[in-house]
Amino acid sequence: MMQNPLWPQLKAVLPANREEFPADLGPDVDEAIAHCVKEAASSMYNGDLAQCMHLGKVIMDYSWEKLNGCNWRDVSRDWRTAYSYGCLYKAVGLCGSAGVAQRPEDEALRVCDMALLLGAEIINNVMSRIISVLKTATQSEEFQEKSDHPPRRLKRHRDNQGKDLDTGPEASRIPEKISRSLSPVLSANTTVPIVRCPSLELFRQNYLIPQKPVILEGVIDHWPCMKKWSVEYIQQVAGCRTVPVELGSRYTDAEWSQRLMTVNEFIDKYILDQPDRIGYLAQHQLFNQINELKEDIGLPDYCCLGEGDEDDITINAWFGPAGTVSPLHQDPQQNFLAQIVGRKFIRLYSVSETKSLYPFDTTLLNNTSQVDIENPDLGRFPEFKQAAYQECILRPGQILFIPVKWWHYVRSLDISFSVSFWWS
Ligand SMILES: O=C(O)CCC(=O)C(=O)O
């Protein structure tokens with residue numbers, strides 16, 4: 001088989017020779033698969049990339065069964081390592097041999113993302129280095145294609161003077177005009193207080209210790225995401241990446257599901273077209289997967305008041321159209337919910353109100369309320385109307401502090417991108 005010009009670039013990010021390429025697996029992996037992992041490594045270094053790809057597929061398929069055969073928390077790390085090796089061989093095989101597919105880099109990128117999503121880290125994060133090579137290749141091809149076919153843009157939205165509201169990177173920053181969701185009217189005595197740049201000590205004394213919600217302003221203005229993030233920018237840095245997307249308006253609905261798709265597909269189908277069905281990129285791993293986005297954010301300084309290490313902070317991405325809903329639920333850590341693009345309506349209830357919020361009684365959903373808080377069925381949930389709450393419209397540049405286990409309901413009013421930090 002002829003070689004693809006990408007092969008030398010991929011080779012450059014791999015260990016220099018077979019001896020330096022570990023291909024070692026832990027004891028949980030069957031001997032036959034452990035043998036395939038070594039064989040594929042030899043094929044790769046001998047330049048037999050067709051065999052490398054074939055073995056990669058076998059390893060991926062076999063370990064896939066192991067990854068899906070039990071609860072995720074019981075899956076052995078050894079099998080996740082095997083899966084990553086399978087992905088590496090398949091990706092290298094796809095791109096190393098000419099003529100396997102028209103744009104083998106696209107499929108190779110998808111395979112590498114699967115390794116980042118489900119596999120374990122191998123060879124000092126080699127999958128991310130392979131992704132960088134593939135991305136550079138796809139971007140130069142896309143550049144070529146775009147010169148022939150101009151890219152799809154956001155639908156035109158004009159103000160009442162007929163001026164375009166959606167040109168350039170400001171497109172997703174004029175959400176009031178394009179909102180398809182109604183903004184509720186809030187009463188002054190239930191709104192969450194707003195404080196500008198409090199000192200660490202003031203935040204600790206007035207909000208963290210007494211566990212009181214507060215909106216912090218002026219704290220993330222310097223993060224690059226505040227200037228850079230727009231739908232176009234996300235397409236540019238992450239469009240070709242595969243991510244899990246939640247489909248359906250809320251995870252408590254029977255028809256709610258998850259699907260893997262590229263960020264471009266998500267944006268085309270759920271952000272630009274704004275169909276009746278909601279798609280939500282609500283992702284715990286997005287920032288580990290897409291480094292360019294991680295570099296645009298920081299950590300709120302107040303996280304240092306927690307007892308855990310920085311590495312223990314979980315950073316989540318929440319990207320979706322107007323109308324995404326996270327039903328009323330509680331989480332076991334403190335949360336800073338930072339709003340980067342668009343606005344969100346948020347309602348909060350303290351832990352002491354739990355009884356009036358009627359949590360589901362299944363183990364999986366016992367942190368989620370059965371009440372649809374914007375349209376409560378008071379016949380079924382009569383005590384709900386007594387529950388005291390606070391609420392707010394969270395705007396770009398603001399961070400909402402949600403104390404541990406406080407119940408929160410979130411509905412986006414615009415195309416919205418938020419980042420939450422769970423810390424203890
Ligand atoms: O923004 C959302 O939709 C949900 C955020 C949330 O639940 C969280 O950060 O814990």
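User: Which residues surround the ligand?
Analyst: This is a predicted model, where local features need pLDDT of at least 70, side-chain atom pairs count only at pLDDT 80 or more, and totals for chains, interfaces and linings use all residues. Residues are numbered from 1 along each chain as its sequence is written, and side-chain values use heavy atoms, with hydrogens and water left out. The ligand is surrounded by Y280, W318, S326, H329, D331, N335, L337, K344, H408, V410, S420 and W422.

User: How do the residues of the shell around the ligand divide into nonpolar, polar and charged?
Analyst: Ala, Val, Leu, Ile, Met, Phe, Trp, Tyr, Cys and Pro count as nonpolar, Asp, Glu, Lys and Arg as charged, and the others, Gly among them, as polar. On that basis the shell holds 5 nonpolar, 5 polar and 2 charged residues.

User: Which strands each supply at least two residues of the shell around the ligand?
Analyst: Strands (E, at least two residues) and helices (H or I, at least four) are DSSP runs, numbered from the N terminus. Those that supply at least two shell residues each are β7 (325-329), β8 (334-341), β12 (407-412) and β13 (416-423).

User: How far is an oxygen atom of the ligand from an N or O atom in the side chain of S326?
Analyst: A polar contact is a pair of N or O atoms within 3.5 Å. For D331, a side-chain N or O atom is 2.9 Å from a ligand oxygen, and a polar side-chain atom of N335 also lies 2.9 Å from an oxygen of the ligand. For S326, the distance is 2.6 Å.

User: What volume does the largest pocket have?
Analyst: On a 1 Å grid over the protein atoms alone, a pocket is an open set of points with protein on both sides within 12 Å along at least five of seven lines, and lining residues have an atom within 4 Å of a point. The space taken by the ligand is the largest pocket. Its lining has 33 residues, with E246, Y251, A282, H284 and W318 nearest the centre. The volume of this pocket is about 790 Å³.

User: Which strand gives the largest share of the lining of the largest pocket?
Analyst: By class, this lining has 14 nonpolar, 14 polar and 5 charged residues. The largest share, 4 residues, comes from β7.

User: What volume does the largest cavity have?
Analyst: A cavity is a set of grid points where a 1.4 Å probe fits but cannot get out. The count comes to 2 cavities of 30 Å³ or more. The largest cavity has a volume of about 40 Å³.

Note on methods
A residue is near a molecule or strand if one of its heavy atoms lies within 4 Å of it. A polar contact is a pair of N or O atoms within 3.5 Å; within protein, one must be able to donate a hydrogen and the other to accept it, and residues adjacent in sequence count only if both atoms are side-chain atoms. A molecule sits in a cavity or pocket if more than half of its atoms lie within 2 Å of its grid points. Grid points are joined across faces, edges and corners, and a volume is the space filled by probe spheres set on the points.
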